[in-house]
Amino acid sequence: MNKHSFNLIELVVSVIVFALLAAVLLPAFSRARAESRISACRANLLHIGNAIELYGRNYQRYPDEFPRKIEKELVHHPAALSCPAGGGYGFAKKMLGKKPSEAHWDDIIVADSDSPEFVVGSSAPPDTDRHADSSGRTGFNALRADGSVKFIPTP
């Protein structure tokens, strides 16, 4: 008998150890993947916010059509107009054609929300409960008039 070969017991124990490690690590990897989607969504919203700010400076108003004018004039990466978790972004109806100086700092301009107060810019409607933060609350990301992006939990 060869001294360097594995016997059946050692093989079974090693398979069990690998299975336990996988069971412990896979949920952590899925949480990390979800967090990366939220970060990518926030980065997209910041990119859209920069484009909207430039549009507002050029035309002294927010676009009256979303996202076609933003995509055509300023956003050179069409993938930035869709959320990595699926769906697109919606522009706040009350902000269409409004002057940037008329916006309050905490007005929501763009969000990945399917609320009827947003004009959805893509063929895939956004889903309000698409994101869950690290504490497990569901909600959506929103770009505010001051240029910041905030996670807004849904009840």
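**Overview of the chain.** Along its sequence, the protein chain follows the pattern α-α-β-β-β-β-β-β, and its secondary structure comes to two helices and six strands (DSSP runs numbered from the N terminus, with helices being H or I of at least four residues and strands being E of at least two). The model is predicted, so that local features need pLDDT of at least 70 and side-chain atom pairs count only at pLDDT 80 or more, whereas totals for chains, interfaces and linings use all residues. Residues are numbered from 1 along each chain as its sequence is written, and side-chain values use heavy atoms, with hydrogens and water left out. Of the 155 residues, 31% count as buried (under 20% relative accessible area, with exposed meaning over 50% and partly exposed in between, for a 1.4 Å probe and protein chains only). The chain exposes about 9600 Å², of which carbon and sulfur atoms supply 59% (Shrake-Rupley method with a 1.4 Å probe; for residues, only the protein chains shown count as cover).

Close-up 1: Ile-9, Val-13, Val-17, Phe-18, Leu-21, Val-24, Leu-25, Leu-26 and Phe-29 form a nonpolar patch on the surface, and together they have about 920 Å² of accessible area. Patch residues have over 30% relative accessible area and no salt bridge, and nonpolar side chains (Val, Leu, Ile, Met, Phe, Trp, Tyr) are joined within 5 Å, like charges within 9 Å; a salt bridge is a side-chain nitrogen of Lys or Arg within 4 Å of a carboxyl oxygen of Asp or Glu. Phe-29 lies in helix H1, which covers residues 8-59.

**Close-up 2: two aromatic pairs.** The structure holds two aromatic pairs (ring centres of Phe, Tyr and Trp, the last by its six-membered ring, within 6.5 Å; planes under 30 degrees apart are stacked, over 60 edge-to-face and the rest tilted). The rings of Tyr-55 and Tyr-59 have centres 4.5 Å apart and planes at 40°, so this pair is tilted. These two residues are four apart in helix H1 and therefore separated by about one helical turn; Tyr-55 counts as buried at 1% relative accessibility, while Tyr-59 is partly exposed, with a relative accessible area of 38%. Tyr-62 and Phe-91 form an edge-to-face pair, at 6.4 Å centre to centre and with 70° between the planes. Because Tyr-62 lies in the loop between H1 and helix H2 (68-73) and Phe-91 in strand S1, the pair ties together parts that are 29 residues apart in sequence, and both residues are buried.

Close-up 3: Strand S1 (residues 90-92) is joined to strand S2 (residues 108-111) by two bridges in the antiparallel sense (strands pair if DSSP finds at least two bridges between them), and Phe-91 stands opposite Val-110 in S2. S2 also pairs with strand S5 (residues 138-144), antiparallel and over three bridges, with Val-110 opposite Leu-143 in S5. S5 and strand S6 (residues 149-153) pair antiparallel over five bridges, and Ala-142 has Lys-150 in S6 as its bridge partner. The hairpin of S5 and S6 has four residues between the strands, and Gly-147 in this hairpin takes a positive phi near 95°.

Close-up 4: Asp-107 lies in the loop between S1 and S2 and counts as buried at 12% relative accessibility. Neighbours within four places in sequence aside, Asp-107 is in contact (heavy atoms within 4.5 Å) with Lys-94, Met-95, Lys-98, Leu-143, Arg-144 and Ala-145.
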